[in-house]
Amino acid sequence: MGLTTDHIKSRLTEKFGEQITSMEESYGMLSIEAPKEINLKVLNFLHDEADLGFRFLTDLTGVHYPDRTGEELAVVYHLHNLVENVRIRFRVYTSIDQPDVFTATGLFSSANWMERETYDFFGIRFVGHPNLKRILNVDEMDYFPLRKEYPLEDQTRRDKDDDMFGR
Amino acid sequence: MSHNIKLPEGSIEKQTITLNLGPTHPATHGVFQNILELDGERVVSAEQTVGYIHRAFEKIAERRPLYQITPLTDRLNYCSSPINNMGWHLTCEKLLGVKTPKRVDYLRVIVMELARIADHLICNSIVGVDTGAYTGFLYVMQYRELIYEIYEEVCGSRLTTNIGRIGGFERDFNDIAFQKIDKFLKEYPAVLKEFISLFERNRIFMERTQGSGGIGADRALNYGFTGPNLRAAGVDYDVRVHSPYSSYEDFDFTIPTGTTGDNFDRWQVRNQEMWESLSIIEQALRKIQDLKGEEATLYHADAPAYYLPEKKDVYTKMEALIYHFKIIMGESEMPSGEVYQSVEGANGELGFYLISDGGRAPFRLHFRRPCFVYYQSFEELVKGGMLSDAVITLSSLNLIAGEMDA
């Protein structure tokens, strides 16, 4: 396999330097982070460079971290270089007060519905998206259900102390 | 919808009409709405919406320990739920660092390939139904039944199977299960052959599927196509080969591909995949027989913290009951981290993205559902074609409502 993690890291450092804030490997996948302002630049770079060639967007989704002040929402991209068969995870953070992230639809047609889904559940506004409206929930909904401020009842709650069951 | 659009050249009427194909139309296979703009019978533009049967799986999963999530995965692509189950258990194993014995891997391969056949069988015969060829659909139903009987023997249920455990299976496959698999392997090739010739000798079917709903390799990749739909466009990407899981690297099989990515190619690729699946199951059976010593009998990993005790022990031994309870309630420690694991689902790459913060339930779980990705390309596939072709295109994409709006 030609494309190594070290090569990807060095190419990204060469191009973006300090702007890539984190490069870690977890469970066999390189995970990189960058400010949301340059998400398209990074995606374009990963997509266009011949030696990187991450031309397949496997997945795009959001995550809500209520404890990270100022960067509560994350957008996570899973990219795949099909020729070298290397996967990479790329994430950007945005604040919940102004959840604007540039859309990747210009690069990947597949991002269209994935971004709509992410908007629908997390309220992340993808700037430049051609049709950013709810996709799985009703249009009249005025909240974003996958955010952590809407908890379900915890099925593993500990307030039911029952010594009979060894808890 | 706007009427001021550029009509295809040669259209006689300069007026278009809007047609709602679905939701709950017999040809839409679920709650999908397709707002088609038609010039005569030709599709000028289309807008497709996913129905609101959204069940909030990802939200529910944030409150559930690992085993309680398995039943949710059953209900994604319910035509091949064992593949979803295995994909989920593989994800958990990756997170927890559980290594499965070879026999488990091979048994899983058998179950997953049976599920693939069951799924392709339904999809391909439904494509037939949508062209008016109903016989094939009725004919193959009894063979899906044979597969369901195998599931039943292995785990006790048929459709939403909940099959397997983290680390292996709940119990070993019994002799009857193996006999049923043998019976299926013996009977199915002739059926498949007949099924294929039934359609390939049907002129209406051939003419309606060939050349309609096509997509090129570049566009398919850009749209995030995977599975048979991508392979029909000529790209030989298969998760089983490129990122092997469950010992798929030990098997010898080819990846069927098409050339034009049209409805017929998609149908054809699925048929060829069924042949490959049959061969994989045969190989797996042989490999299981060749296992020696302890490996030949192990049907689960040695991971007492995550593998549920056997049911007979749970009913009779206090220790086992407590273990069972603790595992189900997520009392065992879960490492923190982010895992992405994908499997080759019957209709494409099914991915599980799990973020764990060390709590009892995932901090975030996201399913990468292949048909959610396909459906957005529908407009491009049907634009310029006939209304009746749109119906076939819809079914040949193998869209499963449950999976789409998880």
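This is a predicted model: local features need pLDDT of at least 70, side-chain atom pairs count only at pLDDT 80 or more; totals for chains, interfaces and linings use all residues.
The contact draws on 54 residues of chain A and 51 residues of chain B. Together the two chains bury about 4600 Å², and carbon and sulfur atoms account for 55% of this area. Between chain B and chain A, 26 residue pairs are in polar contact, counting pairs with both residues at pLDDT 80 or more. On the side of chain B that touches chain A, strand β4 (residues 336-345) contributes the most, with 6 residues. By class, this side of chain B comprises 21 nonpolar, 13 polar and 17 charged residues. The number of salt bridges between the two chains is 6. One pairs B:Glu47 with A:Lys133, with the closest N and O atoms 3.2 Å apart.

A search of the whole structure returned 3 cavities of 30 Å³ or more. The largest cavity holds about 120 Å³ of space. It is lined by 13 residues, of which B:Leu66, B:Tyr306, B:Ile327, B:Gly330 and B:Ser332 are the closest to its centre. The lining of the largest cavity consists of 8 nonpolar, 3 polar and 2 charged residues.

The second largest cavity has about 40 Å³ of space. Residues of both chains line it, including A:Asp59, A:Leu60, A:Met114 and A:Glu117 from chain A and B:His366, B:Phe367 and B:Arg368 from chain B. Elements giving two or more residues to this lining are β3 (56-64) and α3 (111-122) of chain A, and β6 (364-368) and α14 (370-375) of chain B. The largest share, 3 residues, is supplied by β6(B). In the lining of the second largest cavity, 5 residues are nonpolar, 1 is polar and 4 are charged.

Methods
Residues are numbered from 1 along each chain as its sequence is written. Chains are lettered from A and ligands numbered from 1 in the order in which they are written. Side-chain values use heavy atoms; hydrogens and water are left out. Contact means heavy atoms within 4.5 Å. Buried area is the accessible area (1.4 Å probe) that two parts lose on being put together, summed over both. A salt bridge is a side-chain nitrogen of Lys or Arg within 4 Å of a carboxyl oxygen of Asp or Glu. A polar contact is a pair of N or O atoms within 3.5 Å; within protein, one must be able to donate a hydrogen and the other to accept it, and residues adjacent in sequence count only if both atoms are side-chain atoms. Helices (H or I, at least four residues) and strands (E, at least two) are DSSP runs, numbered from the N terminus. Ala, Val, Leu, Ile, Met, Phe, Trp, Tyr, Cys and Pro count as nonpolar, Asp, Glu, Lys and Arg as charged, and the others, Gly among them, as polar. On a 1 Å grid over the protein atoms alone, a cavity is a set of points where a 1.4 Å probe fits but cannot get out, and a pocket is an open set with protein on both sides within 12 Å along at least five of seven lines; lining residues have an atom within 4 Å of a point. Grid points are joined across faces, edges and corners, and a volume is the space filled by probe spheres set on the points.
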